[in-house]
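I opened the model to look up its helices, its core and its aromatic rings. The entries below are in the order in which I made them.

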Amino acid sequence: MSTHDMLHRLSETLASRRHADPEKSYTAKLFSEGPDSILKKIGEETAELIMAAKDGKRLNIVWESTDVIYHVLVLLAFYGLSIEDVSQEMRRREGISGIDEKASRGAK
């Protein structure tokens, strides 16, 4: 299974948890607590990723990166978005300088 396929499947699974029992699903619990709870988790996991990177521990970097990606996918699902929306935007940006792309957003 490709990385894209796996992320797409995970994105669909997360969306399906929107109305699941929060007592039985961590994802459903996050959804029930709303965006502030999800954003708090993204902040916590991002801080843990930063610390893992500063320590240079490769396995911890992978673990914390996985946690960040998972919680970002939960946030996307909360707003009715998916990894496909992010993939489309990444395809749009391909071949464009990061400086130019950022400047184009400021012009909107």
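**Entry 1: the end of helix 4**

I began at the end of helix 4, which is followed by Gly80, a residue with a positive phi near 75°. Helices here are DSSP runs of H or I with at least four residues, strands are runs of E with at least two, and both are numbered from the N terminus. I noted that this is a predicted model, in which local features need pLDDT of at least 70 and side-chain atom pairs count only at pLDDT 80 or more, while totals for chains, interfaces and linings use all residues. Residues are numbered from 1 along each chain as its sequence is written, and side-chain values use heavy atoms, with hydrogens and water left out.

**Entry 2: the chain as a whole**

I listed the secondary structure and found six helices and zero strands in the protein chain. From the N terminus on, the order reads α-α-α-α-α-α. The C-alpha trace spans about 45 × 35 × 35 Å along its principal axes.

I then took the surface. The accessible surface of the protein chain is about 7600 Å², and carbon and sulfur atoms hold 58% of that. These areas come from the Shrake-Rupley method with a 1.4 Å probe, and for residues only the protein chains shown count as cover. Of the 108 residues, 25% count as buried. I use buried for under 20% relative accessible area, exposed for over 50% and partly exposed for what lies in between, with a 1.4 Å probe and protein chains only.

For contacts I took heavy atoms within 4.5 Å. Among contacts with a separation of 6 or more, residues 24 or more positions apart account for 50%.

**Entry 3: helix 4 and its cover**

I went back to helix 4, residues 58-78. This helix has 21 residues and reaches 30 Å from its first C-alpha to its last, close to the 30 Å expected at 1.5 Å a residue. The expected span is 1.5 Å times one less than the number of residues.

Which residues of helix 4 are buried? I read off Glu64, Val68, Tyr70, His71, Leu73, Val74, Leu76, Ala77 and Phe78. Their cover includes helix 1 (3-16), helix 2 (26-33), helix 3 (35-55) and helix 5 (83-93).

Leu73 counts as buried because its relative accessible area is 2%. Leu73 and Leu7 are 66 residues apart in sequence, yet their C-alpha atoms are 8.8 Å apart.

**Entry 4: the nonpolar core**

I searched for nonpolar cores, meaning sets of buried Ala, Val, Leu, Ile, Met, Phe, Trp, Tyr and Cys residues joined through side-chain atoms within 4.5 Å. The largest has 13 residues, and those with the most contacts inside it are Leu14, Leu30, Phe31, Ile38, Tyr70, Leu73 and Val74. Helix 1, helix 2, helix 3 and helix 4 each supply at least two residues of this core. Helix 4 gives the most, with six residues.

I also listed the partners of Leu30. Leaving aside neighbours within four places in sequence, Leu30 is in contact with Ser37, Ile38, Lys41, Tyr70, His71 and Val74.

**Entry 5: around helix 2**

Ala28 lies in helix 2. With a relative accessible area of 1%, Ala28 is buried. Not counting residues up to four places away in sequence, Ala28 touches Arg17, Ala20, Asp21 and Pro22.

Ser25 sits in the loop between helix 1 and helix 2. Ser25 is also buried, at 9% relative accessible area. Beyond its neighbours within four places in sequence, Ser25 is in contact with Arg17 and Ala20.

**Entry 6: aromatic rings**

I paired rings of Phe, Tyr and Trp (its six-membered ring) if their centres lie within 6.5 Å, with planes under 30 degrees apart called stacked, over 60 edge-to-face and the rest tilted. How many aromatic pairs does this rule give? The count is three. Phe78 and Tyr79 form an edge-to-face pair, because their ring centres are 5.1 Å apart and their planes stand at 80°. Phe78 is buried at 16% relative accessibility, whereas Tyr79 is exposed at 51%. Ring pairs link Phe31, Phe78 and Tyr79 into a cluster.

Last, I checked for charges over rings, which requires NZ of Lys or CZ of Arg within 6 Å of the ring centre and within 35 degrees of the ring normal. Arg18 lies over the face of Phe31, 5.2 Å from the ring centre. The charged end of Arg18 also sits over the ring of Phe78, at 4.9 Å from its centre.
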